Amino acid sequence: MVQFKSPDSSTCNGILDIKNCRVVKGKFKDSQGEYIYGLNIMGRKENQEFYSYQEEDIDSWYGALTNFCVLLDLNSKYVRLNKIGKGNFATVYRYERKTDK
């Protein structure tokens with residue numbers, strides 16, 4: 001679970017259960033042409049988006065959330081090595097975490 005509250009308040013503004021959620025990050029330009037960095041947490045019935053002009057803020061949150069959420073972009077954290085099997089419904093590949101290299 002992630003709890004949200006205002007920086008100047010001790011009251012809770014909301015709670016999001018992130019178990020089995022998917023997380024993806026991205027960037028786009030605002031109306032003035034500046035980059036805005038974003039983070040999207042997608043659950044079954046909820047979708048929560050967060051934005052910042054500081055890429056480091058989003059990277060920090062993304063790094064923490066990837067320990068609990070499902071990654072939509074597997075290649076951002078892992079390198080595909082080789083095919084280890086194939087069945088009727090899927091092909092299975094061996095992956096290595098980039099941080100383990």
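Which residue lies over the face of Y93? You'll find R80 there, 4.1 Å from the ring centre. The legends below walk through that spot and several others in this predicted model.

**View 1. The whole chain, before we zoom in.** Let's get our bearings: the protein chain has one helix and eight strands. Follow the sequence along and you'll read the pattern β-β-β-β-β-α-β-β-β. Of the 101 residues in the protein chain, 20% are buried. Now look at contacts between residues at least 6 apart in sequence: 20% of them join residues at least 24 apart.

**View 2. Charges sitting over rings.** Here we come back to R80, which lies over the face of Y93. Another example involves K27, whose charged end sits over the ring of Y35. In that pair, the distance to the ring centre is 4.5 Å.

**View 3. The largest nonpolar core.** Ten residues make up this core, among them I18, C21, V23 and C69. Two elements, β4 and α1 (55–65), each give two or more residues to it. As a bit of background, nonpolar side chains in soluble globular proteins tend to be buried together.

**View 4. An aromatic pair, F28 and Y51.** The model has two aromatic pairs. In the F28 and Y51 pair, the ring centres are 5.7 Å apart and the planes meet at 85°, so this one counts as edge-to-face. F28 belongs to strand β3 and Y51 to strand β5 (residues 47–52), so the pair ties together parts that are 23 residues apart in sequence. How much of each residue shows? F28 has 39% relative accessibility, so it counts as partly exposed. Y51 has 46%, and it counts as partly exposed too.

**View 5. D30, in a loop.** Look between β3 (22–29) and β4 (35–42), and you'll spot D30 in the loop. Is D30 buried or exposed? Its relative accessibility is 13%, and buried means under 20%, so D30 counts as buried. A polar atom of the D30 side chain lies 3.0 Å from the backbone nitrogen of Q32. Setting aside neighbours within four places in sequence, D30 is in contact with I36 and Y53. D30 and Y53 are 23 residues apart along the chain, and their C-alpha atoms are separated by 9.8 Å.

Notes:
Residues are numbered from 1 along each chain as its sequence is written. This is a predicted model: local features need pLDDT of at least 70, side-chain atom pairs count only at pLDDT 80 or more; totals for chains, interfaces and linings use all residues. Side-chain values use heavy atoms; hydrogens and water are left out. Helices (H or I, at least four residues) and strands (E, at least two) are DSSP runs, numbered from the N terminus. Buried means under 20% relative accessible area, exposed over 50%, partly exposed in between (1.4 Å probe, protein chains only). Contact means heavy atoms within 4.5 Å. A polar contact is a pair of N or O atoms within 3.5 Å; within protein, one must be able to donate a hydrogen and the other to accept it, and residues adjacent in sequence count only if both atoms are side-chain atoms. A nonpolar core is a set of buried Ala, Val, Leu, Ile, Met, Phe, Trp, Tyr and Cys residues joined through side-chain atoms within 4.5 Å. Rings of Phe, Tyr and Trp (its six-membered ring) pair if their centres lie within 6.5 Å; planes under 30 degrees apart count as stacked, over 60 as edge-to-face and the rest as tilted. A charge sits over a ring if NZ of Lys or CZ of Arg is within 6 Å of the ring centre and within 35 degrees of the ring normal.
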